[in-house]
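User: Hey, can you walk me through this one? I'd like to talk charged pairs and helix packing.
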Amino acid sequence: MSATSTRTIASRRLRREAWGFAVGSLCFLVGALPPYADAVGAVAVGVTFFVGSVFFTAAAFVQLSLSGRRPPRAGTHPADRWDWWAAAVQLVGTLCFNVSTAVALGAAVADPALLGAGWKPDAYGSVAFLVSSSFAVVATRDRGHLWDRDARTWHGTWLNLLGSVAFGASAVGAYVSPTTGTYVSSWWDDAGTLVGAVCFLVAALLSRRSVGAPPPRDARPAE
């Protein structure tokens with residue numbers, strides 16, 4: 001068989017979990033746009049955020065359980081240890097967003113004018129994202145010892161950290177003051193979600209893995 005036909009051709013493709021993060025980020029991006037909210041109403045916005053959170057959770061589960069990561073054990077390199085904990089904490093954060101968006105959606109169905117529904121799990125999710133992103137930055141300092149050298153990249157980890165900071169700002173802005181009954185900052189609520197979603201979306205679209213293509217089917221041994 002010739003060298004050309006037997007050679008495995010490497011290509012770069014979007015990581016499996018990146019598809020879920022990209023769709024989830026797009027949902028949060030669209031849901032945070034005021035014109036979209038004005039056009040479709042509170043219930044549709046709630047559905048958009050909830051669907052986005054489900055895609056986040058599905059992607060986080062794939063990233064933790066199906067992408068090659070293994071729970072830390074004796075002898076696990078620190079880079080892999082931080083990497084695993086980053087993925088695990090991220091999954092917890094996405095579950096918090098599942099709860100907060102589901103509660104907010106239920107509240108919107110019951111009373112579209114209600115503010116602040118589901119805020120506590122939203123805040124917990126934002127903190128979890130911040131912790132996860134920080135762990136990922138630490139893991140990326142020694143990429144050569146990761147289970148997959150492409151599993152963490154500098155552009156991806158820092159974009160995710162920036163997005164997590166923005167989501168944290170959004171959670172603070174979305175807090176409803178008990179004295180005034182209004183958001184602390186509706187501008188930060190929308191802007192933080194919007195910026196965070198853009199960062200997560202770009203990071204997901206830049207997340208690539210090397211894939212080997214099989215040799216051509218019609219390859220024949222050289223005579």
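This is a predicted model: local features need pLDDT of at least 70, side-chain atom pairs count only at pLDDT 80 or more; totals for chains, interfaces and linings use all residues.

User: Where do D83 and R152 sit?

Analyst: D83 is in helix α5, while R152 is in the loop between α6 (119-140) and α7 (154-173), so the pair ties together parts that are 69 residues apart in sequence.

User: Is R152 buried or exposed?

Analyst: R152 counts as buried, because its relative accessibility is 7%, and the cut-off for buried is under 20%. D83 counts as buried too, at 0% relative accessibility.

User: What does R69 pair with?

Analyst: R69 forms a salt bridge with D83, and the closest N and O atoms are 2.7 Å apart. R69 lies in the loop between α4 (42-66) and α5 (78-110) and D83 lies in helix α5, so this pair links parts that are 14 residues apart in sequence. As for R69, it is buried, with a relative accessible area of 3%. Put together, D83 has a salt bridge to R152 and a salt bridge to R69.

User: How many salt bridges turn up in the whole structure?

Analyst: A search of the whole structure gives five. One of them is between E17 and R15, where the closest N and O atoms are 3.2 Å apart.

User: And those two, E17 and R15, buried or exposed?

Analyst: E17 is buried, and R15 is buried as well.

User: OK, switching to helices. At what angle do α2 and α8 pack?

Analyst: About 155°, with the axes of helix α2 (residues 16-31) and helix α8 (residues 186-206) 8 Å apart. That makes α2 roughly antiparallel to α8, since angles over 145 degrees count that way. The crossing of α2 past α8 is left-handed.

User: Which residues make that contact?

Analyst: On the α2 side you have A18, F21, A22, S25, L26, F28 and L29. They meet T193, L194, A197, V198, F200, L201, A204 and L205 in α8.

User: How many of the contact residues are nonpolar, polar or charged?

Analyst: In the contact of α2 with α8, 13 are nonpolar, two are polar and none is charged.

Note on methods
Residues are numbered from 1 along each chain as its sequence is written. Side-chain values use heavy atoms; hydrogens and water are left out. Axes are lines fitted to C-alpha atoms, for helices over the stretch in contact, and angles run from 0 to 180 degrees between N-to-C directions. Helices (H or I, at least four residues) and strands (E, at least two) are DSSP runs, numbered from the N terminus. Angles under 35 degrees count as roughly parallel, over 145 as roughly antiparallel, 65 to 115 as roughly perpendicular and the rest as oblique. A crossing is left-handed if the near helix is turned anticlockwise from the far one by less than a right angle, and right-handed if clockwise. Contact means heavy atoms within 4.5 Å. Ala, Val, Leu, Ile, Met, Phe, Trp, Tyr, Cys and Pro count as nonpolar, Asp, Glu, Lys and Arg as charged, and the others, Gly among them, as polar. A salt bridge is a side-chain nitrogen of Lys or Arg within 4 Å of a carboxyl oxygen of Asp or Glu. Buried means under 20% relative accessible area, exposed over 50%, partly exposed in between (1.4 Å probe, protein chains only).
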